[in-house]
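I opened the model to look up a helix crossing, a loop residue and a strand. My entries follow.

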Amino acid sequence: MAAPLSLQAYVDGVRAGDRATLARAITLVESRRPDHQALAQTLLTHLLPFSGHAHRVGLSGVPGVGKSTFIEALGCQLTAQGSKVAVLAVDPSSSRSGGSILGDKTRMERLSVDPNAFIRPSPSGGRLGGVGRATRETMIVVEAAGYDVVLVETVGTGQSETLVADMVDFFLVLMLPGAGDELQGIKKGILELADMIAVNKADGPNRDKARLAVTQYRAALSIMTPAHPDWTPPVVSCAGLSGAGLPELWDMVREHRTRMEANGALAARRRAQQVDWMWAMVEDRLKDAVRAHPDVRALLPTLSQGVVSGTTTATLAATRILEAFGVTAEG
């Protein structure tokens, strides 16, 4: 990356909404170099008072559900109404497969050239903790730059869905019409995370299938305890390609925020997210420190081979690693 700007240049450029400075600030935040990280954390401290006001919405969906088309349609709708929209991605698989967000950005042709939109791929570090840190801190930067809607897309699967749900105010899950087989295979965990389920591509010949899917997902949600007593996750239908149903969907997102602000749940959720993230960062950095310790590095080949061959247990190997790092069973 290019040489960093001065701290004041970053702050002034981000606050002015300068896209070039914004991009450079995010690149600084994503860098793992110690000197860049030190400057990035100081920058974030200066930007924090100007963040926190945006709608933070996470999006997940099964393969082929049309996330890119949906995000572009929703984003264009919101910018047309005067909002500034940032699209971020969490893709822990990108170092293995190359991910899909760059292709998604290419497909979001209208949104990518919208002056009131900003699309940022996730870093390709491949580690969930590192990608999550960069995304959370990027969120602070874009909010300080004046973006009042932040859409965080999970490109990977599984644990990344939980990661995204833990950094947003509202988690939206997109599904396809024809719920039959999907409903059998859908993870209970994703339903527990969802603040709304939207059946996408609910137009043309899919209308009847979409209506059936909505009914089935509502039934599935009805036997689960809502995450908050003031909000029962709705199930709606929409069509990203035509934009049908998107205004009503966004009205529900806004209604959720209104309710959660009124009862204090939004502030409580964000406070809990910050504390949880603090401990997640402690765990992530401790793991790095353990792996980098010279005594641990010397032991790892033998211990790994022992675990693979079955001559030692994973628990015993972990104990020896921690002892080499200087942590005893008594702490």
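A crossing counts as left-handed if the near helix is turned anticlockwise from the far one by less than a right angle, and as right-handed if clockwise. The model is predicted, so I took local features only at pLDDT of at least 70 and side-chain atom pairs only at pLDDT 80 or more, while totals for chains, interfaces and linings use all residues. Residues are numbered from 1 along each chain as its sequence is written, and side-chain values use heavy atoms, without hydrogens and water.

Entry 1, helix pair. I looked up H1 (residues 7–15) and H2 (residues 19–30), whose axes come within 8 Å and cross at roughly 125 degrees. The crossing of H1 and H2 is left-handed. From H1 I noted Ala-9, Tyr-10, Gly-13 and Val-14 in the contact, and from H2 Thr-21, Leu-22, Arg-24, Ala-25 and Leu-28; contact means heavy atoms within 4.5 Å.

I found Thr-312 in the loop between helix H15 (294–309) and helix H16 (314–325). Is Thr-312 buried or exposed? Thr-312 has a relative accessible area of 18% and is buried (under 20%; exposed is over 50%, partly exposed in between, with a 1.4 Å probe and protein chains only). Neighbours within four places in sequence aside, Thr-312 touches Leu-303, Gly-306, Val-307 and Ala-317.

Six of the seven residues of E1 (residues 55–61) are buried, so I recorded E1 as largely enclosed by the rest of the structure. E1 runs parallel to E4 (residues 149–154), joined by five bridges, with Leu-59 opposite Glu-153. E1 also pairs with E5 (residues 170–175) in the parallel sense over five bridges (pairing needs at least two DSSP bridges). There I found Phe-170 as the bridge partner of Val-57.

Terms used
Axes are lines fitted to C-alpha atoms, for helices over the stretch in contact, and angles run from 0 to 180 degrees between N-to-C directions. Helices (H or I, at least four residues) and strands (E, at least two) are DSSP runs, numbered from the N terminus.
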